Number of protein chains: 4
Amino acid sequence: MKTNRLEAFSDGVLAIIITIMVLELKAPEEISIESLLPLLPIFISYFISFVYLGIYWNNHHHLFQIAEKVNGKVLWANLNLLFWLSLIPFATSWVGENHLESGPIAFYGFILLMSAVAYFILQTVIIHYHDDNFPLRKIIGKNLKGKISTVLYLVGLILSFINSWMAVLCYIIVAIIWIVPEKKIEQNIKE
Amino acid sequence: MKTNRLEAFSDGVLAIIITIMVLELKAPEEISIESLLPLLPIFISYFISFVYLGIYWNNHHHLFQIAEKVNGKVLWANLNLLFWLSLIPFATSWVGENHLESGPIAFYGFILLMSAVAYFILQTVIIHYHDDNFPLRKIIGKNLKGKISTVLYLVGLILSFINSWMAVLCYIIVAIIWIVPEKKIEQNIKE
Amino acid sequence: MKTNRLEAFSDGVLAIIITIMVLELKAPEEISIESLLPLLPIFISYFISFVYLGIYWNNHHHLFQIAEKVNGKVLWANLNLLFWLSLIPFATSWVGENHLESGPIAFYGFILLMSAVAYFILQTVIIHYHDDNFPLRKIIGKNLKGKISTVLYLVGLILSFINSWMAVLCYIIVAIIWIVPEKKIEQNIKE
Amino acid sequence: MKTNRLEAFSDGVLAIIITIMVLELKAPEEISIESLLPLLPIFISYFISFVYLGIYWNNHHHLFQIAEKVNGKVLWANLNLLFWLSLIPFATSWVGENHLESGPIAFYGFILLMSAVAYFILQTVIIHYHDDNFPLRKIIGKNLKGKISTVLYLVGLILSFINSWMAVLCYIIVAIIWIVPEKKIEQNIKE
């Protein structure tokens with residue numbers, strides 16, 4: 001089966017997830033520009049989650065540019081990823097309302113970790129379904145990026161109970177690692 | 001007429017239905033990880049409905065991979081299915097807030113039953129619109145899965161007034177029956 | 001320019017409009033099946049609006065199956081239609097909470113009227129942009145359905161201040177006229 | 001990489017942004033037509049934002065009709081545009097509840113300015129990624145429309161602290177400049 005409808009459905013779900021977070025931003029009752037200041041933590045957590053979901057969309061987009069076909073297993077692996085990503089608005093709203101408390105920050109890290117695991121499963125299921133010459137196999141190789149991210153999320157999760165800032169730092173490092181989608185995929189498509 | 005726009009619209013509606021359920025998960029006011037515990041029933045009912053809608057999306061996807069054309073009747077049969085599925089978030093939220101009370105569980109089963117009937121009608125309308133060699137005709141055959149599901153939903157509906165756990169068990173059995181989309185459709189497309 | 005992206009955007013907007021109405025259905029706090037009864041008017045107004053939006057989607061779908069190209073004017077005529085349709089959830093919620101009071105029923109009729117006018121404008125702009133052999137020209141002809149609908153909406157609007165039931169009857173007659181999308185378009189596509 | 005999925009995702013996000021604004025319109029508790037009057041400012045700000053988002057969608061549509069390919073940079077430039085546009089519902093709701101107070105009007109202008117800058121960046125990134133014969137290069141030329149808009153937004157932003165009406169006038173002039181999408185793009189596609 002072709003990949004186009006899986007992409008369309010994922011685009012729809014990701015578009016909604018990325019947009020409903022903005023519903024948390026309630027217009028202040030006052031009219032001064034300063035009355036926006038208390039919204040700053042909610043705004044920042046919205047921005048970070050937007051970037052995270054943007055990263056997932058970009059990498060998902062690259063992944064399915066190179067995948068040629070899907071089956072029932074790929075559909076479910078994809079739904080699993082979308083499920084964990086759909087919890088990001090909830091985690092974002094909890095973080096946004098409580099600044100850098102360890103509980104929300106640890107939970108946010110847990111959702112990011114589960115999303116990363118789901119992405120790894122999706123990648124693996126796609127590779128298994130294609131034959132040995134499937135270019136993604138070489139491109140991912142030992143999946144160094146995936147492994148480093150998992151470790152960083154785990155470290156962040158533990159650190160969140162000691163120092164929230166260091167946990168956030170871990171999460172941001174993972175974001176930076178993934179912000180540029182796999183260039184080898186673009187090269188492969190060009191060839 | 002081609003099937004692509006019907007698929008796009010259904011993807012949009014299903015993507016929204018599956019995602020707005022997450023709006024029920026309100027961030028707790030407290031900051032401890034334990035403060036997430038009271039949300040567990042809402043979270044579980046969200047998870048089960050997510051799986052159910054995922055099953056419908058997967059089977060809908062398979063159905064329209066094999067359908068070749070649509071007419072006005074198919075469009076309306078599809079809208080009928082989307083209507084019943086659109087009530088799942090409402091039923092989910094009622095179940096989530098009241099755990100395993102018989103009223104919400106029976107209502108949830110009723111919506112699932114009506115969705116199953118709507119799916120059966122959609123299938124039938126599609127088969128009627130295609131000629132005798134249409135492969136779906138053979139694949140579905142006597143529609144055993146459809147009939148068993150309907151019976152299980154009815155049994156579940158009645159049981160919900162006696163023992164909620166047994167009703168939920170019935171619903172879960174139906175989910176398991178459908179979680180693997182019809183493999184014969186994948187084989188047929190391959191050929 | 002091709003029609004595909006206009007269709008995709010319209011599908012997205014219509015999918016959201018048709019689905020957000022369900023957010024008005026709040027789960028009751030009680031757990032008996034009877035506690036759903038007070039929601040019945042909201043449910044019925046949701047059902048009617050769902051059918052209305054389904055009719056628009058079906059006819060829009062047929063319209064753009066036959067249209068071959070779009071320009072800036074068509075894009076704006078389409079956005080105008082989507083604007084009026086986007087007010088249906090608001091009108092629905094007002095009707096649903098106040099049963100058959102004349103104010104909400106008249107307002108609902110006004111939104112339906114403006115949507116019908118917007119659909120007529122869209123049709124006209126599309127026909128103007130195509131050449132004389134454009135099949136839609138013949139199919140619509142004197143646009144009898146459009147004219148009757150406009151008159152019925154106006155009559156309904158006025159009647160809503162006298163007898164709400166008769167106003168609702170007018171709106172339902174228009175729905176019945178349009179529920180079967182133009183069969184001539186399907187025939188034309190087949191040829 | 002092809003442009004189709006970027007378009008689909010953007011269509012999804014824009015469809016949601018344009019539609020969730022309508023959730024601000026809460027049905028009045030009273031039943032007289034006059035009870036809609038207090039909603040007028042919210043309605044007008046919804047209308048203006050709908051037109052603005054329509055303008056962006058139209059121009060985005062034209063832009064990607066002429067763009068032939070995308071890379072990671074284009075994806076991020078597009079996400080940046082969607083981020084700023086996603087804040088329009090928030091700004092709209094603040095303006096709608098406070099009529100023409102300088103704070104909300106200035107903030108609204110700031111979001112429009114950032115969106116315009118994001119659109120300019122997106123255009124630039126697309127042009128850089130294509131070769132010298134890329135027709136968009138000539139069509140945009142010195143980007144007079146973009147420069148005038150930026151100046152008008154800045155002027156509006158400053159004026160909003162002196163006279164809100166004049167600020168709104170500036171924003172409306174920009175809208176008028178962009179309401180007709182670049183005709184040269186349509187001509188170029190025709191050729």
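I started by walking along chain A: from the N terminus on, its elements run α-α-α-α-α-α-α-α-α. My tally for chain A is nine helices and zero strands; helices here are DSSP runs of H or I with at least four residues, strands are runs of E with at least two, and both are numbered from the N terminus.

A note on the ground rules before going on. This is a predicted model, in which local features need pLDDT of at least 70 and side-chain atom pairs count only at pLDDT 80 or more, while totals for chains, interfaces and linings use all residues. Residues are numbered from 1 along each chain as its sequence is written, and chains are lettered from A and ligands numbered from 1 in the order in which they are written.

**Entry: chain A as a whole**

I looked up the outline of chain A next. Its C-alpha atoms fill a box of roughly 60 × 35 × 30 Å along the principal axes. For 191 residues, a compact globule would have a radius of gyration near 16 Å, and the 18 Å of chain A agrees with that. The radius is taken over C-alpha atoms, and the globule rule is 2.2 Å times the number of residues to the power 0.38.

How much of chain A is buried? I found 49% of its 191 residues in that class. Buried means 20 or more other C-beta atoms within 10 Å of the residue's own, exposed means 12 or fewer, and partly exposed lies in between, with C-beta atoms placed from the backbone.

I also checked the contacts in chain A with a separation of 6 or more: residues 24 or more positions apart account for 79% of them. A contact needs the C-beta atoms of two residues, placed from the backbone, to lie within 7 Å.

**Entry: helix α3 of chain A**

Why do I call α3(A) largely enclosed by the rest of the structure? Because 12 of its 15 residues are buried. Among them I noted A:W76, A:N78, A:N80 and A:F83. The cover over the buried residues includes α1 (4-20), α2 (40-66), α4 (88-98) and α5 (102-129) of chain A, together with α1 and α2 of chain B.

**Entry: one methionine**

I then turned to A:M166, which sits in helix α8 (residues 164-179) of chain A. A:M166 is partly exposed, as 14 other C-beta atoms lie within 10 Å. From A:M166 to A:I111 I read 55 residues in sequence and 17 Å in space, C-alpha to C-alpha.

**Entry: the core**

The largest nonpolar core has 248 residues, and A:L53, B:L53, C:L53 and D:L53 touch the most other members. Such a core is a set of buried Ala, Val, Leu, Ile, Met, Phe, Trp, Tyr and Cys residues joined through C-beta atoms within 7 Å. Leaving aside neighbours within four places in sequence, I found D:L53 in contact with D:L14, D:I17, D:I18, D:L85 and D:I88.

**Entry: how the copies are related**

I laid chain C on chain B: a turn of 90° and a shift of 0.0 Å along the axis does it, with an RMSD of 0.0 Å. That is the relation of a four-fold axis. In chain C, the C-alpha nearest the axis belongs to C:G12, at 4.2 Å. Superposition is by least squares on the C-alpha atoms of residues with pLDDT of at least 70 in both copies.

Chain B goes onto chain A with a rotation of 90°, 0.0 Å of shift along the axis and an RMSD of 0.0 Å. Here B:G12 comes closest to the rotation axis of the residues of chain B, with its C-alpha at 4.2 Å.

**Entry: where chains meet**

Between chains C and B, the contact takes 26 residues from chain C and 27 residues from chain B. Which helix gives the most to the side of chain C that touches chain B? I found α1(C), with eight residues. By class, that side of chain C has 16 nonpolar, seven polar and three charged residues. Nonpolar covers Ala, Val, Leu, Ile, Met, Phe, Trp, Tyr, Cys and Pro, charged covers Asp, Glu, Lys and Arg, and the others, Gly among them, are polar. Only 12% of the interface residues of chain C are also interface residues in chain B, so the copies meet through different surfaces.

Between chains B and A, the contact takes 28 residues from chain B and 27 residues from chain A. On the side of chain B that touches chain A, α1(B) gives the most, with nine residues.

Last, I checked two other pairs. Chains A and C do not touch, and their nearest C-alpha atoms are 8 Å apart. Chains B and D do not touch either, with nearest C-alpha atoms 8 Å apart.
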